[in-house]
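Colleague: I am just starting out with protein structures, and I would like to look closely at a single part of this one. Could you walk me through it slowly?

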Amino acid sequence: MKQFIADAMLGKLTRWMRVMGCDVEYFPEISDRALSDRAKCGSRIILTRDTRLVLQKINRDNAFLVIGDHCPDQLRQVVDAFAIEPFRDLLTRCLRCNMPLVSIAKNDLAGKVPPYVFETQDRFETCPQCRKIYWKATHVEQMVARLQNILGASRMPERPA
Ligand SMILES: [Zn+2]
């Protein structure tokens, strides 16, 4: 799967791409030069709103110009351009750190998640970097519904077996 680095103007897009499980680095304060270097070193595609950046020689082969100021338009654009399967790797990555989540045993979580969540959920995952604990809940359903809404009803998530 392709890896990306987004420019500072694309924080919202980054978050939604991470919801879909895409590997997207994002640094709100990064300079153009550092962005280009990181992209080159890590073989990442630069997602940018900046035409000037796309035209620079160093970025010529690996920059993608994102058109439009609104996140839903931007999201549709990258999903189409890079043939991203929006629901295949849904919520497999930390939305804050971009790290792939790892499963964590329920037994280790007593007292670390709200009692109701502990009672009603069986599967938990955690981010190896920030240690945030993730579980499926109503906000996840809302996120999926929002994604469907943005991307069009033709793209339905596969029903879990
Ligand atoms: Zn994290």
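Predicted model: local features only at pLDDT ≥ 70, side-chain atom pairs only at ≥ 80, totals over all residues.

Colleague: Which residue forms a salt bridge with D37, and how far apart are the closest N and O atoms?

Modeller: The partner of D37 is R33, and their closest N and O atoms are 3.3 Å apart. Both residues belong to helix α2, which covers residues 32-41. They sit 4 residues apart, and that is about one turn of the helix.

Now see how open each side of the pair is. D37 has a relative accessibility of 31%, so it counts as partly exposed. R33 has a relative accessible area of 56%, which means that R33 is exposed.

With this pair in mind, you can look at others. The rule used here gives a count of 10 salt bridges. One of them joins the side chains of D50 and R52, with 2.8 Å from N to O. R52 is partly exposed because its relative accessibility is 49%.

Another salt bridge brings K106 together with D122, again described by the closest N and O atoms, which are 3.3 Å apart. This pair links distant parts of the chain, 16 residues apart: K106 is in the loop between β5 and α5 (115-120), and D122 is in the loop between α5 and β6. K106 counts as partly exposed because its relative accessibility is 22%, while D122 at 62% counts as exposed. Salt bridges can also join up into a network, as they do for D23, E25, R38 and R44.

The strands β5 and β6 come up again in an open sheet of 3 strands, ordered β5-β6-β7 with antiparallel pairing. β5 (102-104) and β7 (133-134) are at the edges with a single partner strand each, so one side of each has no neighbour in the sheet. Strand β6 (residues 124-126) is joined to β7 by 2 bridges, and in β7 the residue Y134 is the bridge partner of E125.

Finally, have a look at the zinc ion. Its coordinating atoms are the SG atoms of C94, C97, C127 and C130, at 2.3 to 2.4 Å. Along the sequence, these donor residues follow the spacing C-x2-C-x29-C-x2-C. The arrangement is tetrahedral because the 4 donor atoms subtend angles of 102 to 114 degrees around the zinc ion.

Conventions:
Residues numbered from 1 in each chain as written. Heavy atoms only, no water. Donors = N, O, S within 2.8 Å, 3.2 Å for Na, K, Ca; no water. Tetrahedral: all angles 85-135°; square planar, octahedral: opposite > 155°, others 65-115°. Pairing = 2+ DSSP bridges. Salt bridge = Lys/Arg side-chain N within 4 Å of Asp/Glu carboxyl O. Buried < 20%, exposed > 50% of the residue type's maximum accessible area, 1.4 Å probe, protein only.
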